[in-house]
Each structure stands twice: as C-alpha cells, then as structure tokens.
Amino acid sequence: MNVTLLAHTPNPELTVASAARLCYSGATIDDVREKLTPEKTAQFVDMLSEIGHESPIEHATFTFGIEGVSRALLAQITRHRIASFSVQSQRYVKEAQFEYVLPPEIEKDEQAKALFIEAMEKDQEYYDRLTDMLKTRHKAELLAEGMEEKAADRAAEKKAIEDARFVLPNACDTKMIVTMNARSLHNFFRHRCCNRAQWEIRELATKMLYLCREAAPNLFKNAGPACLTGPCPEGKMTCGELIKMREKFKA
C-alpha cells in the first residue's frame, strides 16, 4: 500500500481559525486574519475541538493518492460519502496482468497462500480468455458495419473488457485519488482507525492520519479512533485495548 498526500488547503489551520473567528467576532473578512499568530491559531483550533464546533474545519481539504489497495477496500471507503473519489476504471483500463492484495492471514499459511495465488492466476486466465473471445466477435461485427480496422480493434477491446472484468476478484488492486475535508476525515478516522475496522482500511486510515498530522498537527492531534478521547463506543464488541490504542495514537 502506498499513500501520498498530494495537496491540501494552504495554511489549513489558519483557514480554519479564520472561519472560527468570523463566527465569534464582528471582524470584517479583510480583518479576520489579523492577530491570528501561530499561537492564536492553535488556540482557536483547540477551542473548536473542546466545544465540538466542527463546521469551520470543513474549510480545510486534503487530497490523497492511494495505490496498492483492493477493490474490497474501495467498496468500504466509498461509504464515506462526503468525499470525492477518482478511481482507475476496470471498464477502460485492461487488466493485462492484474496485481492483487494478499491478506496477511492467508500469507501466514503456506497452503492457503498457494491456493489463493492459484485462484488469482485462474482469474487472470479466465479474464484473458473472455476478453479475447468477446473482442473477436465484437471486432467482426464492427468491421461488418464498415468501421476502419484500427478503430474497430480499439472499440472491440473496450466492449470486451467491459464484460470480462466481472470475473476479476475483490483482491484485484486499484488506484484512486481521494479528497476529504477535515471534518469528514475526523469521522473517517473515528471509524476506520478502530481495531474493529477491517485490517486493510485500518492500515489506510492510519497512514492518512499520519500524513494529516504532519500537515496540520493541531487540527488532527485528537483525531483517531473514538476511544482516543472518550470511552469505547463498541460496547460488548470492544477490543479491550483502550490504553494501548491511546498510547499508539498519541505517539
């Protein structure tokens, strides 16, 4: 898995503090940033966290490049709907030799690992066979309609992979660019940094949080699983490692 912070709002904490100050003062837009020293900016960001006033932090956005994650993870991350996603398409991009994510628990077991790899190789074989079979038929139809050969070849392949992709597994890797505002990221980290989250998206969330803390340390210093700042919300399903989790995410 490779996660990169591609871009973020310039001076994200100053932007958030400016929005917060505007809410609580009679300052004009031109004057709102006056006297917002780094110390004052940090105080405003801390105050927002303490009183639970979250709307000002929506003014800061963060864009991540994410590679080497599975289509299974894609199904989970897109449940966080207040975000923008651009994902590499299996409809337009041919999986000539798809990469895949190998779950750690399968990797630990040599027999399970061998069976998993065999399944991936079979999926690639079926995908290739279906693509060739469908492409041949589509190309013949397009040529019969009078389309030029090169154009027919391209169009036929596109139509073929559009249907052949249905045999590709959840393990098939994908790439995406994701943009979230800081409020949505706090919500994302609260749910996905938790030990109860699925291992792959938990790893992704933790890497994203690390990058956010580097870019805006005050804005994200209390971000993480819900147990970081309060009791575990999982009830009987708790992992029982509250102290360990707090130590991990405060570090």
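**Contacts, fold and salt bridges of the predicted chain**

Apart from neighbours within four places in sequence, alanine 171 is in contact (heavy atoms within 4.5 Å) with Ser70, Glu99, Tyr100, Val101, Phe116 and Met120. The model is predicted: local features need pLDDT of at least 70, side-chain atom pairs count only at pLDDT 80 or more, and totals for chains, interfaces and linings use all residues. Residues are numbered from 1 along each chain as its sequence is written, and side-chain values use heavy atoms, with hydrogens and water left out.

Alanine 171 sits in the loop between H6 and strand S4 (173-181). Helices (H or I, at least four residues) and strands (E, at least two) are DSSP runs, numbered from the N terminus. Alanine 171 is buried, at a relative accessible area of 13%. Here buried means under 20% relative accessible area, exposed means over 50%, and partly exposed lies in between (1.4 Å probe, protein chains only). Valine 69 is 102 residues away from alanine 171 along the chain, yet their C-alpha atoms are separated by 8.3 Å.

The protein chain as a whole contains ten helices and four strands. From the N terminus on, their order is β-α-α-β-α-β-α-α-α-β-α-α-α-α. Contacts across the sequence were also counted. Among those with a separation of 6 or more, 73% join residues 24 or more positions apart.

The overall dimensions come next. The C-alpha trace spans about 75 × 50 × 25 Å along its principal axes. The radius of gyration of the protein chain is 24 Å, whereas a compact globule of 251 residues would have a value near 18 Å. This radius is taken over C-alpha atoms, and the globule rule is 2.2 Å times the number of residues to the power 0.38. Of the 251 residues, 37% count as buried. The chain exposes about 14400 Å², and carbon and sulfur atoms supply 52% of this area. Accessible areas come from the Shrake-Rupley method with a 1.4 Å probe; for residues, only the protein chains shown count as cover.

Charged side chains number 35 positive and 37 negative, and the centres of the two sets lie 5 Å apart. Lys and Arg count as positive and Asp and Glu as negative; His and the chain ends are not counted. The place of a charge is taken as NZ of Lys, CZ of Arg, CG of Asp or CD of Glu.

A search of the whole structure finds 16 salt bridges. A salt bridge is a side-chain nitrogen of Lys or Arg within 4 Å of a carboxyl oxygen of Asp or Glu. One of them joins lysine 135 and glutamate 157, at 3.6 Å from N to O. This pair links distant parts of the chain: lysine 135 lies in helix H5 (residues 110-144) and glutamate 157 in helix H6 (residues 149-164), 22 residues apart. Lysine 135 is buried, at 17% relative accessible area. Glutamate 157 is partly exposed, at 25%.

Glutamate 149 and lysine 139 form another salt bridge, at 3.5 Å from N to O. Again distant parts of the chain are linked, with glutamate 149 in helix H6 and lysine 139 in helix H5, ten residues apart. Lysine 139 is buried, at 19% relative accessible area. A network of salt bridges links Lys94, Lys135, Lys139, Glu149, Asp153 and Glu157.

Glutamate 203 and lysine 207 also meet in a salt bridge, at 4.0 Å from N to O. Both lie in helix H8 (residues 199-215), four residues apart, about one turn of the helix. Glutamate 203 is partly exposed, at 34% relative accessibility. Lysine 207 is partly exposed too, at 33%.
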